[in-house]
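Visitor: I would like to go through a structure with you. Could you show the sequence and the model?

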Amino acid sequence: MRALSLQDSVVTFRESVQEPHKCEGEVLVDVILAGICETDLQLCKGYMGFSGILGHEFVGVAREGRYAGHRVVGEINCICERCEWCLNGLGNHCPSRTVLGILNRDGAFADTMLIPERNLHRVPDSVSNERAVFTEPLAAAIQISKQIDLVGKRVAVLGDGRLGILCAQAIRLSTDAVVVVGKHPEKLARFQGLGFECYELSKLDYRTSFDVVVDCTGSPTGLEAACGLVKPRGVVVLKTTVAGEHQLSLASLVINEVTVVGSRCGPFDEALSVLEADAIDLTGMVSHRFPLERGVEAMRVAALPGSFKVLLDPQR
Ligand SMILES: [Zn+2]
Ligand SMILES: [Zn+2]
């Protein structure tokens, strides 16, 4: 099979990779579409020290098992099912987990991938592949509302990129008072088109403040900007991981008694319900689509400022 793999921060397309060796409980899935996300770009900069096949956002067809022949999406944390975390329903924090295309496990930028069957969710027939491929990042966006009560809160989403647009729409399912703050007028226009109140960060009056600020920037400077926008006693949600170090004085967090919440993976079942109900708009989210063999180019394009979601299409 073919795959896009990362070694020592270099991404290579490989024409002939051995099909993965199966362990108990795992099934093979033929990938239909896979999405490149900010985390993949950060992995290429050394985040997590990952080497192997990249990719954790996908829709595919299960070759075997309970979902054989059906379209599936998959949760990315592969857990031990035995430790205290797993037994308490917090398997995403299992200390011996592997994570698809991120930690000690090959991912979805390949013709075929291997995943524990328990991680799979069947895609409803009414949800297209082009929408289903957003299940993982949408679930992550929905996770914010699982961690903090957003009802009645004034929320700023910081970052006008692909994660920002999912988070802003997921948050709007809980509260109408969502503002988007970004650096790029042309990207903010996309949010305006969806009915969001938008501001350019450089023009924002710093006396404007919010109960909750969600950092979706993927930039080491995002946290500092978020701290500048949050109200005393407010909450800053960190939604992106970055390879670089944060250079930030924490005094403002102490003085303003700010709560910082890290937020990672979310509920796939709810994300699929949201997609099935057509409750969020994904029009125009995909800016490029590449066959797998042009994956190296696809990764480069995904990192360009003008790009939005870039998809890999192994079946093309
Ligand atoms: Zn991702
Ligand atoms: Zn465990």
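Guide: What follows is a conversation about the predicted model shown above, from the overall fold to individual loops.

Visitor: To begin, how many helices and strands are in the protein chain?

Guide: The protein chain contains 10 helices and 18 strands. Its radius of gyration is 19 Å, close to the 20 Å that the globule rule gives for 316 residues, so the chain is as compact as a globular protein of that length.

Visitor: And what box do the C-alpha atoms fill?

Guide: Along the principal axes, the C-alpha atoms fill a box of roughly 55 × 45 × 40 Å.

Visitor: What share of the residues counts as buried?

Guide: Of the 316 residues, 44% count as buried. As for contacts between residues at least 6 apart in sequence, 66% of them join residues at least 24 apart.

Visitor: Let us turn to the sheets. In what order do the strands of the parallel sheet come?

Guide: That open sheet has 6 strands, in the order S13-S12-S11-S14-S15-S16, with parallel pairing. Its edge strands are S13 (197-200) and S16 (259-262), each of which pairs on one side only. On average, neighbouring strands of this sheet are turned by 20° against each other, direction ignored.

Visitor: Within it, over how many bridges do S14 and S15 pair?

Guide: Strand S14 (residues 210-215) and strand S15 (residues 230-238) pair in the parallel sense over 5 bridges.

Visitor: What about the antiparallel sheet; which strands form it?

Guide: It is an open sheet of 3 strands in the order S2-S1-S4, with antiparallel pairing. S2 and S4 (52-53) are the edge strands, each pairing on one side only.

Visitor: How many bridges join S1 to S2?

Guide: S1 and S2 run antiparallel and are joined by 5 bridges. In this pairing, leucine 6 has valine 11 of S2 as its bridge partner.

Visitor: And which residues of S4 face S1 on the other pairing?

Guide: S1 and S4 pair in the antiparallel sense over 2 bridges. Serine 5 stands opposite isoleucine 53 in S4, and leucine 6 stands opposite glycine 52 in S4. Leucine 6 therefore has a partner in S2, valine 11, as well as one in S4, glycine 52.

Visitor: Is S1 largely enclosed or open, and why?

Guide: S1 is largely enclosed by the rest of the structure, because 4 of its 5 residues are buried.

Visitor: Which helix lies across S1 and S2?

Guide: Helix H10 (residues 295-302) lies across these two strands, running at about 145° to S2.

Visitor: What is found between S1 and S2?

Guide: The hairpin has 2 residues between the strands, and aspartate 8 takes a positive phi near 50° there. The loop holding aspartate 8 lies between S1 (3-7) and S2 (10-14).

Visitor: Is aspartate 8 buried or exposed?

Guide: Aspartate 8 counts as exposed, with 7 C-beta neighbours inside 10 Å; the cut-off for exposed is 12 or fewer.

Visitor: What is the phi of aspartate 278?

Guide: The phi of aspartate 278 is near 60°, again a positive value in a residue other than glycine. Aspartate 278 sits in the loop between H9 and strand S17 (286-291). This residue is exposed, with 11 other C-beta atoms within 10 Å.

Visitor: Since you mention H9, at what angle do H4 and H9 pack?

Guide: Helix H4 (residues 135-147) and helix H9 (residues 268-276) pack at about 105°, with their axes 8 Å apart. That angle makes H4 roughly perpendicular to H9.

Visitor: Which residues meet there?

Guide: From H4, Thr135, Leu138, Ala139 and Ile142 meet Phe268, Glu270, Ala271, Leu272, Val274 and Leu275 of H9. By class, the contact has 8 nonpolar, 1 polar and 1 charged residues.

Note on methods
Residues numbered from 1 in each chain as written. Chains lettered and ligands numbered in written order. Predicted model: local features only at pLDDT ≥ 70, side-chain atom pairs only at ≥ 80, totals over all residues. Rg over C-alpha atoms; globule rule 2.2 N^0.38 Å. Buried ≥ 20, exposed ≤ 12 C-beta atoms within 10 Å, placed from the backbone. Contact = placed C-beta atoms within 7 Å. Axes fitted to C-alpha atoms, helices over the stretch in contact; angles between N-to-C directions. Parallel < 35°, antiparallel > 145°, perpendicular 65-115°, else oblique. Nonpolar A, V, L, I, M, F, W, Y, C, P; charged D, E, K, R; others polar. Pairing = 2+ DSSP bridges.
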